[in-house]
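Here's a quick briefing to read with the structure open beside you. Take it one topic at a time and find each residue as it comes up.

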Amino acid sequence: TGSNGGAETQAVTAGTAPGFPPFEMKEDGELVGFDVDLLEAVIGQTDYTLSGWEEFEFDSLIPALTNNNIDVIAAGMTINDDRDQAIDFTDPYYTSNQAVVVRSDGEFSPESLSNLADRQIGAQSGTTGESVVDDELVGSEITESQYSAYGNYVLAIEDLENGNTDAVMIDVPVAETFAANRPVEVAFVYETDEAFGFGLRSNADDLTSSLNSGLSTVQDDGTYEELTAEWFAE
Ligand code: ARG
């Protein structure tokens, strides 16, 4: 029993989908990244404790949350209307656009979506990058079979490197991280003005407001800035 004498447990389990550097990735078997450090710092400002992290494919995170397998999603997840109908989000903690990533051998240098015509395009299942491909390319510039859906973005980038796909649609900071470490580069940015939030069950109002105030504390006390300096090379 906690010092507040409540019957409810204050321990929360976080869920994420690694393979999305620098937000969440595996290093020597360890889960690390900006989301990991940020959520831990935010929870540290609240009456809640973190019982641990669970890993899922990205498109299994919302079901895991609504089925009570986890209590909070920290996965570079974009706040959008579709998701907002199923879950709640904290205030935004990062903003991003989509990037089109290609091999850095200079053979294919698209400058706009129309330059992707008849190419093989990859994205991670269930992401906003996939939605851009679905909405803007499939059925016009490319056929359905010219879209390759991957369980995670590491597999998509590997397929790009080995020539099985020609371009990958992925969040800008993640594209830049892959480009810094692998033979790929950002061809162009497609503006989507996305904001990332931590995801919560829609009945978890106390946790949501606690995380929001924890987030604003770490944004004010310099912790947020330290973490961005650590994880984002700029
Ligand atoms: N921001 C994009 C979205 O919300 C991609 C997130 C992918 N996250 C991950 N951990 N794999 O759809």
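Helices H1 and H8 cross in a right-handed way. Keep in mind that you're looking at a predicted model.

**H1 against H8**

- Two packed helices are described by the angle between their axes and the distance between the axes.
- For H1 (residues 34-43) and H8 (residues 223-231), the axes come within 10 Å and cross at roughly 165°.
- Angles over 145 degrees count as roughly antiparallel, so H1 is roughly antiparallel to H8.
- On the H1 side, the residues that meet H8 are Phe-34, Asp-37, Leu-38 and Ala-41. Their partners in H8 are Thr-223, Tyr-224, Leu-227, Thr-228, Glu-230 and Trp-231.
- Sort the residues of this H1–H8 contact by class and you get six nonpolar, two polar and two charged.

**H1 against H7**

- H1 also packs with H7 (residues 205-220): their axes come within 8 Å and cross at roughly 105°.
- The range from 65 to 115 degrees counts as roughly perpendicular, so that's the label for H1 and H7.
- H1 brings Leu-38, Leu-39, Ala-41, Val-42 and Ile-43 to this contact, while H7 brings Leu-211, Gly-214, Leu-215 and Val-218.
- What does the class count look like here? The contact of H1 with H7 has eight nonpolar residues, one polar and no charged ones.

**Two domains**

- The protein splits into domain 1 (11-93 + 197-231) and domain 2 (96-193).
- Taken over C-alpha atoms, the centres of domain 1 and domain 2 are 25 Å apart.
- Domain 1 puts 12 residues into the contact, and domain 2 puts in 14 residues.
- The size of an interface is often given as the accessible area lost when the parts come together.
- Between domain 1 and domain 2, about 1,000 Å² is buried, with carbon and sulfur atoms giving 64% of that.
- Which residues of domain 1 lose the most area to domain 2? They're Phe-20, Pro-21 and Phe-58, together 43% of what that side buries.

- Most residues other than glycine have a negative phi, and most peptide bonds are trans.
- The peptide bond from Pro-21 to Pro-22 is cis, with omega near 5°.
- You'll find Pro-22 in the loop between strand E1 (11-16) and strand E2 (25-27).
- Asn-68 isn't a glycine, yet its phi is positive, at about 70°.
- Look for Asn-68 in the loop between helix H2 (61-66) and strand E5 (72-73).

Note on methods:
Residues are numbered from 1 along each chain as its sequence is written. This is a predicted model: local features need pLDDT of at least 70, side-chain atom pairs count only at pLDDT 80 or more; totals for chains, interfaces and linings use all residues. Side-chain values use heavy atoms; hydrogens and water are left out. Axes are lines fitted to C-alpha atoms, for helices over the stretch in contact, and angles run from 0 to 180 degrees between N-to-C directions. Helices (H or I, at least four residues) and strands (E, at least two) are DSSP runs, numbered from the N terminus. Angles under 35 degrees count as roughly parallel, over 145 as roughly antiparallel, 65 to 115 as roughly perpendicular and the rest as oblique. A crossing is left-handed if the near helix is turned anticlockwise from the far one by less than a right angle, and right-handed if clockwise. Contact means heavy atoms within 4.5 Å. Ala, Val, Leu, Ile, Met, Phe, Trp, Tyr, Cys and Pro count as nonpolar, Asp, Glu, Lys and Arg as charged, and the others, Gly among them, as polar. Domain bounds come from an automatic or database domain assignment. Buried area is the accessible area (1.4 Å probe) that two parts lose on being put together, summed over both.
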